Amino acid sequence: MKRLGTALHVVQNKLIVRRDAADPPRIGSVVVDRKSTKVGKVSDIFGPLERPYVIVRPARGVDATVHVGSMLYVKSPRRDDKWKR
């Protein structure tokens, strides 16, 4: 798991996350909480290059407001996942 950043707001049922580092995750990457529970997927990236914002579309049945203020992570893809894209 790689640290994604802190969830700041919920806008139209999507989480806005402030990225901690400059290297943005891939669109479609799976986002999890500290317990490795799936939160959603990265749907867009915007803002300054130094610390961009990431939009996370919550998974079905996930309440996005629960994650505001918490640290989120990007789940590392398995090696064989890159061939399935």
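Arg19 is buried, at a relative accessible area of 4%. Buried here means under 20% relative accessible area, exposed means over 50%, and partly exposed lies in between (1.4 Å probe, protein chains only). This is a predicted model: local features need pLDDT of at least 70, side-chain atom pairs count only at pLDDT 80 or more, and totals for chains, interfaces and linings use all residues. Residues are numbered from 1 along each chain as its sequence is written, and side-chain values use heavy atoms, with hydrogens and water left out.

**View 1. Arg19 and its surroundings.** Arg19 sits in strand β2, residues 14-19. Strands (E, at least two residues) and helices (H or I, at least four) are DSSP runs, numbered from the N terminus. The Arg19 side chain reaches the backbone oxygen of Asp23 at 2.7 Å. That is a polar contact: a pair of N or O atoms within 3.5 Å; within protein, one must be able to donate a hydrogen and the other to accept it, and residues adjacent in sequence count only if both atoms are side-chain atoms. Beyond its neighbours within four places in sequence, Arg19 is in contact with Arg3, Leu4, Pro24, Pro25, Arg51, Pro52 and Val54. Contact means heavy atoms within 4.5 Å.

View 2. The protein chain has six strands and zero helices. A closed barrel of six strands runs β1-β2-β5-β4-β3-β6, with antiparallel pairing. Neighbouring strands of this sheet are turned by 45° against each other on average, direction ignored. The angles rest on axes, lines fitted to C-alpha atoms (for helices, over the stretch in contact); they run from 0 to 180 degrees between N-to-C directions.

**View 3. Strand β1 and its partners.** β1 and β2 pair in the antiparallel sense over six bridges. Two strands pair if DSSP finds at least two bridges between them. His9 has Ile16 of β2 as its bridge partner, and Val11 has Lys14 of β2. The two strands form a hairpin with two residues between them. In the turn, Gln12 has a positive phi of about 50°. β1 and β6 also pair in the antiparallel sense, over four bridges.

**View 4. The largest nonpolar core.** This core holds 12 residues: Leu4, Ala7, Leu15, Val17, Val31, Val39, Val42, Val54, Val56, Ala64, Leu72 and Val74. The elements giving two or more residues to this core are β1 (2-11), β2, β4 (38-46), β5 (53-58) and β6 (71-74). A nonpolar core is a set of buried Ala, Val, Leu, Ile, Met, Phe, Trp, Tyr and Cys residues joined through side-chain atoms within 4.5 Å. Val42 belongs to the core. Leaving aside neighbours within four places in sequence, Val42 is in contact with Pro25, Arg26, Ile27, Gly28, Ser29, Val31, Val54 and Ile55.

**View 5. His67 in its loop.** His67 lies in the loop between β5 and β6. His67 is buried, with a relative accessible area of 10%. Sequence neighbours within four places aside, His67 is in contact with Ala7, Leu15, Asp33, Val39, Val62 and Leu72.

**View 6. The chain as a whole.** Of the 85 residues of the protein chain, 31% count as buried. Among contacts between residues at least 6 apart in sequence, 55% join residues at least 24 apart.
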